[in-house]
Amino acid sequence: MSTNPSQSVGISKPPAWLGILGGGQLGRMFIHEAQSLGFKVCVLDPDPLSPGGSVAEKHLCADYLDVAALTEMAGLCSAVSTEFENVPARALDFFKERAIFVAPDSSCVSIAQDRIAEKAFLTQCAPLSGVGPVPYGILKTEADLASISPDLFPAIVKTVRLGYDGKGQVTVMTPDTLAQAWDSLGKAACVVEKRMPLAFEVSAIVARAHDGSVQSYPPSENIHRNGILHTSTVPAPSLEQRPDLLQRIQKATIAIATEMQYVGVLCVEYFVLTDGSIIANEVAPRPHNSGHFTMDACVTSQFQQQVRAMARLPLGDTRLLSPVAMLNILGDAWFSPDGVSGASATEPAWEEVLSHSNAKLHLYGKASPLPGRKMGHVNCLGQSLLEAQQACADVAHDLGIAP
Ligand code: ADP
Ligand code: MG
C-alpha cells in the first residue's frame, strides 16, 4: 500500500473546517461529534434533504465528482473523510493531491468497495491476522459459470460492488441454478461465496492514527434480520466464556488495519462458525452501524474517534463504561406490524421509548420512513448485560419491533 503523501500536513485544531463526503446518518453523527469538539463541517451530498446536510455549517449539494464543489471544499477544509465506501476514489484523491489530509486513504476505500479486492486483501492478510475470508469463486463472465467449484454450494452470490444491507445477494442451492441467479443480478460481476454454518456474528472496530497507534473497541455480537443489522450487544454474549476467541478477533482487526496502513475508524465483520473457527466477512472503512453503541457506552464514540484520526489528534479511550444493547429502528416502525399496504406512516411512540430511563434514543431526521430504511437507533444501557438485553427487548416491544 502506498504511503499517503499528505502525511506531512499538520494537525487540524478547532475551529478548523473538516470535510465529509456523504451526509447520510453516519455523516450526520460524525458532524455532531466534530461540532461538539469545536470544528466546523462542510458536507458534500447530492441529496438536498440529507440528514447530514441539515446539521452541517455548510452543505454542498452536488455530485461527488463535481469539480466546483470539490474545489470549494478543498478551499475550506484542512482534512477530509468519507461516511461511505462507495464514494469515487477520485473524489478523495482530489484532496490528497492538494495536500489536504484524507483519512481513510482512497486505496483503503477502494479495497472495501470491491468484494474481489476485499477478499484478495483478506487472504493476503491471513498469515498476519490468522483469519481468512470465506471460500469463494469469481463470476464475471459466462465462461466463469463452469469454473465455480461445486464445493461452494449452497452458495450466496453477491454483486462485487454497491451491495449493502443484504442487497445484491441471492442464495443459490445448487450449481444448476447459478446461471439463473446470476441473471437476476443483471450479470453484474459477482463473488460466489460458500454459505457457512454460522454460530454467531461479531464485528470489531479499531481506530488507527496517522502515527500507527491503535485503539480497539470491544467486539459486538450482531443479529441481522433480512440482511439488515437488528441488534448489536456488548460485551458480546457468545464471547463471554471465550476470551481466546475475543483476543483473536481483536488481534486480527488490528493486523488488518495495520496491513492497510489505515488511518481512521475501521470495522471488520466476522463469522464465528459452529466448529469455532473465525472467518473475516467484510471490512467497512468508516464508522459502522454495529459501532453505534460506542456513542453512549464508551469513553470515546466511534465518530469522535474518526474526527480525532482525520484531524491527526491523539485517539481517545475506547473503554466500555456499561453493558449495552443497540436496537436499530427501521422505517417499518412507522407502519402497522401486519404491514397493510398503502397504510399511512404513523410516528412511533417516542415517549414510551424515553420512559426507559437507560434508553438513549438517536433519530436521524430522515424525511420519509420506508420499510427497511434506517431511521434511528436506541442504545439500551444496563448495570448488567442481562439488564441491557431486557431493556432492548422492552423498547423493541414498545416500538412494535418483533424480538
Ligand atoms: P452486506 O454488505 O449487505 O452487509 P454481507 O456480506 O455482510 O453483506 O452479508 C449480510 C449478512 O448475510 C451477513 O451479516 C450474514 O448474516 C449473511 N451472510 C453473508 N454471507 C454469508 C455466508 N457466506 N454464509 C453465511 N451467511 C452469510
Ligand atoms: Mg455486512
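This is a predicted model: local features need pLDDT of at least 70, side-chain atom pairs count only at pLDDT 80 or more; totals for chains, interfaces and linings use all residues.
Visitor: Which residues of H8 are buried, and what do they pack against?

Guide: The buried residues are Leu 245, Ile 249, Ala 252, Thr 253, Ala 255, Ile 256 and Ala 257, and they pack against helix H5 (115–129) and strands S10 (198–208), S14 (264–273) and S15 (278–284). Just after H8, Gln 261 takes a positive phi of about 55°.

Visitor: What makes Asp 105 and Lys 96 a salt bridge?

Guide: The cut-off from side-chain nitrogen to carboxyl oxygen is 4 Å, and the two side chains meet at 2.8 Å, N to O, so the pair counts as a salt bridge. Both Asp 105 and Lys 96 are buried.

Visitor: Why is Glu 97 called exposed, while Arg 98 is called partly exposed?

Guide: Exposed means over 50% relative accessible area; Glu 97 has 61% and therefore counts as exposed, whereas Arg 98, at 43%, lies between 20% and 50% and so counts as partly exposed. Glu 97 and Arg 98 form a salt bridge with their closest N and O atoms 3.8 Å apart.

Visitor: What does the salt bridge between Lys 187 and Glu 142 tie together?

Guide: The closest N and O atoms of this pair are 2.7 Å apart. Because Lys 187 lies in the loop between helix H7 (178–184) and strand S9 (190–194), and Glu 142 in helix H6 (residues 142–145), the pair ties together parts that are 45 residues apart in sequence.

Methods:
Residues are numbered from 1 along each chain as its sequence is written. Chains are lettered from A and ligands numbered from 1 in the order in which they are written. Side-chain values use heavy atoms; hydrogens and water are left out. Buried means under 20% relative accessible area, exposed over 50%, partly exposed in between (1.4 Å probe, protein chains only). Helices (H or I, at least four residues) and strands (E, at least two) are DSSP runs, numbered from the N terminus. Contact means heavy atoms within 4.5 Å.
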